[in-house]
Amino acid sequence: MDEEAGPVVRPFALTGGRARSSGDNLDLIAMVRSTGTPPHGDTTIGPEQRRILEIARSGASVADIASDVDLPLGVVRVLIGDLHDQGLIVVRPPVTVAPQPSERILKEVINGLRAL
Amino acid sequence: MAFAPSDEPVALKILVAGGFGVGKTTLVGAISEIRPLRTEEVLSDRSVGVDDIDGVEGKTTTTVAMDFGRITIREGLVVYLFGTPGQERFWFMWDELSYGALGAVVLADTRRLTDCFPSIDYFEQRGTPFIVAVNCFDGAERHEPDDVRVALDLDPEVPVLLCDVRRRASAKVVLVTLVEHALKTLTAAQR
């Protein structure tokens, strides 16, 4: 976490140079899930997006997806935003944002941590 | 962006903050599966012109490596641990990391107590529930939690505890203390 910055790369080549999309404000732990809808015939989705759809088949967080595809977060956000715009995935914000986590969930977490 | 209905898995975010080299990564690694994550840092004016940024439309970034931890409580309930970068030049990431966080662990080293002042100020201002965990390094003089509380000028309700971040059992107690504190804060706010 305190490591020096890595080398400068051009990660946004994968997004066609775009650094902005509807996925811009995606929280790191927002949950992404593939809808299972096949892409429209005329839309092209790249291998990275195909992988994201696969990873998100049973639901995955933005952080997990970025880690799995080994691409920078900003790039992954653009790719997820595009998939969302095409109706291929649904996204849910973290439970801590809206609504607040329930007492029940927190008690479950406490017990779960104790049992580790 | 439209959001899906709430029958999806639940994810909670806990932050681990503190000065450089205080043991944040060690704590996360002691209790969870560590996963690498690449993110971007906005280049300062000084590095623009040195680094080749042609073709990156309107955004000048370099990638920064960071880790996060993942604890699966049960299927559909996952706790994520994110370390907040210790160096000042990564402060831009704090707001993003803190958004929606359940709470934060501020790790302290009694030999460099001032290192955790910025974290404490930050979470106090944001109203994020936090605890202070004093990492007992080998060779460092041990201090009572109450002495640390006074030295850090903490509110009486903020839990302070001693820990050894290398030990899983100790890391567990730290996280349980934080979630209990967050729960207390939550129920107090609902009253």
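I began with B:Ser119: leaving aside its neighbours within four places in sequence, I found B:Ser119 in contact with B:Ala17, B:Gly18 and B:Val106. Two residues are in contact if their C-beta atoms, placed from the backbone, lie within 7 Å.

A note on the ground rules. This is a predicted model, where local features need pLDDT of at least 70, side-chain atom pairs count only at pLDDT 80 or more, and totals for chains, interfaces and linings use all residues. Residues are numbered from 1 along each chain as its sequence is written, while chains are lettered from A and ligands numbered from 1 in the order in which they are written.

I placed B:Ser119 in helix H3 (residues 117-126) of chain B. Helices (H or I, at least four residues) and strands (E, at least two) are DSSP runs, numbered from the N terminus. Is B:Ser119 buried or exposed? B:Ser119 is buried, because 25 other C-beta atoms lie within 10 Å. The cut-offs are 20 or more such atoms within 10 Å for buried, 12 or fewer for exposed, and partly exposed in between, with C-beta atoms placed from the backbone. I also looked up B:Trp94, which is 25 residues from B:Ser119 along the chain, and the C-alpha atoms of the two are separated by 9.7 Å.

Next I went to B:Arg38, in strand S2 (residues 33-42) of chain B. B:Arg38 has 21 other C-beta atoms within 10 Å, so B:Arg38 is buried.

**Entry: two helix pairs**

Two packed helices are described by the angle between their axes and the distance between the axes. Axes are lines fitted to C-alpha atoms, for helices over the stretch in contact, and angles run from 0 to 180 degrees between N-to-C directions. For angles, under 35 degrees counts as roughly parallel, over 145 as roughly antiparallel, 65 to 115 as roughly perpendicular and the rest as oblique. On the H2(A) side I noted A:Val62, A:Ile65, A:Ala66 and A:Val69, and on the H3(A) side A:Leu73, A:Val76 and A:Ile80.

Then I crossed between chains: helix H4 (residues 103-114) of chain A and helix H5 (residues 168-190) of chain B have axes that come within 9 Å and cross at roughly 165°. That makes H4(A) roughly antiparallel to H5(B). The contact includes A:Leu106 and A:Ile110 of H4(A), and B:Leu175 and B:Val179 of H5(B).

I checked A:Asp70, which sits in the loop between H2 and H3 of chain A. Its phi is near 55°, a positive value in a residue other than glycine. A:Asp70 is exposed, because 12 other C-beta atoms lie within 10 Å.

In chain B I found B:Asp153 in the loop between helix H4 (145-152) and strand S7 (160-163). Phi of B:Asp153 is near 55°, a positive value in a residue other than glycine. B:Asp153 has 8 other C-beta atoms within 10 Å, so B:Asp153 is exposed.

**Entry: the sheet in chain A**

Last, I traced an open sheet of three strands in chain A, with the order S2-S1-S3 and antiparallel pairing. Two strands pair if DSSP finds at least two bridges between them. Strand S1 (residues 31-34) of chain A pairs with S3(A) over four bridges, and A:Ser34 stands opposite A:Ile89 in S3(A).
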